[in-house]
Amino acid sequence: MNVNIALLTVTDTRTFDNDKSGSILVEKIEEANHNLIDRKICKDNKEDIVLILKEWIKSKNIDVVITTGGTGLTGRDITPEAVEEIADKHIPGFGEVFRNISLKTVGTSAIQSRACAVLANGKYVFALPGSSGGVTDAWDGILKHQLDINHKPCNFVELFPRLKEK
């Protein structure tokens, strides 16, 4: 089953031309035969992030929102706080599993990641780090499997509201 995904890069410095992490995710979304419905870049500004997330979670054409960037502890990192504003339910296991996977690639630096996931208006929202290694770890270690309807014993796709409507 094809998953409809919107991708937001949160950054004060990147453009579509040099957004390496966003480009990695676009490639991985395409390799998995999912649909990239929308892609945007916005500054590390909570109100702007929330506005985009609210627009996307209202869309019937989007199942999943992935953000990259703004999940660290420094400077203007504000993505988890923006995601919190739209959350209906938290998925704490996502961040726990992500940091466990990251531990193997970046060691104890994994503790600095605030990668998280929530359900918002029946949509999954995943906030990933802005690093190319972080998005690769998250996709290859979690999302690739959980966004595959054939992954057993369970996956996120089988819980999509649009499947229940049929």
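User: Which helices each supply at least two residues of the lining of the largest pocket?

Analyst: In this predicted model, local features need pLDDT of at least 70, side-chain atom pairs count only at pLDDT 80 or more, and totals for chains, interfaces and linings use all residues. Residues are numbered from 1 along each chain as its sequence is written, and side-chain values use heavy atoms, with hydrogens and water left out. Helices here are DSSP runs (H or I, at least four residues) numbered from the N terminus, and those that each give at least two residues to the lining of the largest pocket are helix 4 (92-106) and helix 5 (132-146).

User: How many residues of the lining of the largest pocket are polar?

Analyst: A pocket is an open set of points on a 1 Å grid over the protein atoms alone, where a 1.4 Å probe fits, with protein on both sides within 12 Å along at least five of seven lines, and lining residues have an atom within 4 Å of a point. The largest pocket is lined by 20 residues, and Thr71, Gly72, Ser113, Pro129 and Ser131 lie nearest its centre. Ala, Val, Leu, Ile, Met, Phe, Trp, Tyr, Cys and Pro count as nonpolar, Asp, Glu, Lys and Arg as charged, and the others, Gly among them, as polar. On that basis the lining has five nonpolar and two charged residues, while the number of polar ones is 13.

User: What arc do the buried residues of helix 2 cover around the axis?

Analyst: The buried residues of helix 2 are Ile49, Val50, Ile52, Leu53, Trp56 and Ile57. They lie on the same side of helix 2, because the arc that they cover around the axis is only 165°.

User: How many disulfides does a search of the whole structure find?

Analyst: A disulfide is counted when a pair of cysteine sulfur atoms is within 2.5 Å. For Cys42, the nearest cysteine sulfur is that of Cys116, 15 Å away. Over the whole structure, the number of disulfides found is therefore zero.

How values were computed: Buried means under 20% relative accessible area, exposed over 50%, partly exposed in between (1.4 Å probe, protein chains only). The arc is that of the directions from the helix axis to the C-beta atoms.
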